[in-house]
Amino acid sequence: MIPTASDASFRKTGAPSIGESPLHARRRSRRIMVGPVPVGGGAPVSVQSMTNTLTADVPATLQQIAELTAAGCDIVRVAVPSQDDADALPEICRKSPIPVIADIHFQSKYVFQAIDAGCAAVRVNPGNIRKFDQVGPDICKAATDAGISLRIGVNAGSLDKTLYAKYGGPTPEALVASALKEAHMFEDVGFHDFKISVKHHDVVTMVQTYRLLASKGDWPLHLGVTEAGPQWQGTIKSCLAFGALLAEGIGDTIRVSLSAPPVEEVKVGCKLLEYLGLRARKFDIISCPSCGRAQVDVIQLANAVTDGLKGITAPIRVAVMGCIVNGPGEAREADLGVASGNGKGQIFIKGKVIKTVPEDQIVDTLLGEAHAIAERMKDEAEANGTTLDAAPVVIPITPDIRRHTS
């Protein structure tokens with residue numbers, strides 16, 4: 001059964017949705033639904049992550065899903081490698097505040113269990129599902145009957161041996177050939193509610209692969225750099241690859257893959273979309289680089305302000321500047337700012353100096369003013385019937401939304 005707008009298991013928010021990039025027209029793709037979250041067809045680019053808990057440990061998995069949700073995650077994926085994990089799905093799906101995707105390899109029986117459990121979608125890998133040519137049509141029928149979508153994915157590390165030999169490795173052409181083969185398996189039995197991922201660990205290869213795939217059809221695309229690495233390296237790789245593709249209008253949902261806690265993936269993904277103009281801006285800090293002109297320890301000051309405001313979700317832009325060259329101008333352009341020098345700091349709000357404080361009072365003053373501004377924004381939003389919650393946008397399903405492509 002497809003969740004409806006009145007389904008209390010999914011949170012609704014008043015956050016604005018942004019479907020069009022200010023940099024480039026979005027690629028036209030068909031729309032599928034992952035629970036109440038639309039993917040493709042001009043819908044806002046959604047952020048995904050995957051739990052790293054033992055799925056069978058329901059309390060731990062739900063706790064991590066709650067943390068991901070609070071960070072701004074739209075859709076969450078859980079691994080289902082065992083029968084115990086499959087048995088845990090009904091409770092997880094029932095209690096999760098965001099749509100749950102079951103990640104399934106090898107055992108087709110878990111796909112059917114995930115559908116029966118109420119998962120919003122299932123990630124299947126036709127390349128490693130045993131006898132997929134036989135069970136594939138049944139999977140598509142079960143998904144159709146339940147009104148859910150599927151995701152098929154190609155990874156460089158699990159490329160079909162025949163294609164590997166034909167193309168001499170996991171080249172863009174090989175990965176796209178594999179994706180097209182899998183897509184046709186679904187389409188040949190009349191199933192079209194699926195999205196595709198074609199992941200590679202190399203940024204250039206990944207971008208070339210998605211560009212090539214995007215030219216071959218209108219499937220919604222799930223962007224990912226697989227095995228991106230530790231947090232700092234994986235963040236750079238993901239931002240480069242996603243930035244290049246999203247700036248061209250390619251991509252409908254993203255997952256930043258990091259060797260780090262899953263909530264860090266969501267933070268990076270949300271900020272990436274914010275800076276590309278694809279998600280409403282939340283808290284942001286502007287700080288100048290450390291240089292010989294600085295008359296204050298900018299690094300320490302910026303870190304202290306960032307740490308003190310890490311719980312802020314209101315769309316406040318705070319400028320922390322350390323010299324008189326760019327400081328006053330940047331501070332005036334921000335919602336709140338400080339221009340530091342000569343042992344003191346000038347505090348600005350909306351372009352006006354409200355006070356000058358000694359250097360040792362800058363952090364406490366900025367934090368106090370920022371929290372006051374956030375409270376005022378919250379009160380104004382509530383008075384207008386909206387919210388400053390950083391949670392994802394959830395769009396109710398209407399009868400014609402599943403096939404909408406504009």
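The dialogue below moves from the nonpolar cores to charged pairs, aromatic rings and backbone angles.

Q: What kind of model is this, and how are its residues numbered?
A: This is a predicted model, in which local features need pLDDT of at least 70 and side-chain atom pairs count only at pLDDT 80 or more, while totals for chains, interfaces and linings use all residues. Residues are numbered from 1 along each chain as its sequence is written, and side-chain values use heavy atoms, with hydrogens and water left out.

Q: How many residues does the largest nonpolar core have, and which residues have the most contacts inside it?
A: A nonpolar core is a set of buried Ala, Val, Leu, Ile, Met, Phe, Trp, Tyr and Cys residues joined through side-chain atoms within 4.5 Å. Buried means under 20% relative accessible area, exposed means over 50%, and partly exposed lies in between (1.4 Å probe, protein chains only). Here the largest such core has 79 residues, and Ile196 and Phe242 have the most contacts inside it. Helix α6 (residues 172-187) supplies the largest share of this core, 8 residues. Helices (H or I, at least four residues) and strands (E, at least two) are DSSP runs, numbered from the N terminus.

Q: Which residues does Ile196 touch?
A: Contact means heavy atoms within 4.5 Å. Not counting residues up to four places away in sequence, Ile196 touches Ile152, Ala179, Ala183, Leu213, Trp219, Pro220, Leu221 and His222.

Q: Which residues does UniProt list for "binding site"?
A: The unreviewed UniProt entry lists Cys288, Cys291, Cys323 and Glu330 under that heading. UniProt positions are given in the numbering used here, feature names are shortened, and annotations may be inferred rather than shown by experiment.

Q: Where does Cys288 lie, and is Cys288 buried or exposed?
A: Cys288 lies in the loop between β11 (284-287) and α10 (298-308). Its relative accessibility is 16%, so Cys288 counts as buried. Leaving aside neighbours within four places in sequence, Cys288 is in contact with Val298, Val320, Met321 and Gly322. Cys291 is also placed in the loop between β11 and α10. Cys291 is partly exposed, with a relative accessible area of 33%.

Q: How many salt bridges does the structure hold?
A: Side chains of opposite charge can pair when their charged atoms come close. A salt bridge is a side-chain nitrogen of Lys or Arg within 4 Å of a carboxyl oxygen of Asp or Glu. The structure holds 17 of them. In one, Glu187 pairs with Arg30, and the closest N and O atoms are 3.4 Å apart. This pair links distant parts of the chain, with Glu187 in helix α6 and Arg30 in the segment before β1 (32-34), 157 residues apart. Arg30 is buried, with a relative accessible area of 10%.

Q: Which salt bridges does Asp103 form?
A: The side chains of Asp103 and Arg77 meet in a salt bridge of 2.6 Å, N to O. Asp103 is in strand β5 (residues 100-104) and Arg77 in strand β4 (residues 75-79), 26 residues apart. Both residues of this pair are buried. Asp103 also forms a salt bridge with Arg123, where the closest N and O atoms are 3.1 Å apart. Arg123 belongs to strand β6 (residues 121-124) and is buried as well. Elsewhere, a network of salt bridges links Arg26, Arg27 and Asp252.

Q: How many aromatic pairs are there, and how are the rings of Phe186 and Phe194 arranged?
A: A pair of aromatic rings is described by the distance of the centres and the angle of the planes. Rings of Phe, Tyr and Trp (its six-membered ring) pair if their centres lie within 6.5 Å; planes under 30 degrees apart count as stacked, over 60 as edge-to-face and the rest as tilted. The count comes to 2 aromatic pairs. The rings of Phe186 and Phe194 have centres 5.4 Å apart and planes at 65°, so the pair is edge-to-face. Both of these residues are buried. Ring pairs link Phe186, Phe191 and Phe194 into a cluster.

Q: Where does the charged end of Arg30 sit?
A: A charge sits over a ring if NZ of Lys or CZ of Arg is within 6 Å of the ring centre and within 35 degrees of the ring normal. The charged end of Arg30 sits over the ring of Phe194, 5.1 Å from its centre.

Q: What is the phi of Glu227, and where is Glu227 placed?
A: Phi of Glu227 is near 45°, a positive value in a residue other than glycine. Glu227 is placed in the loop between β9 (222-223) and α8 (231-246). At 57% relative accessibility, Glu227 counts as exposed.
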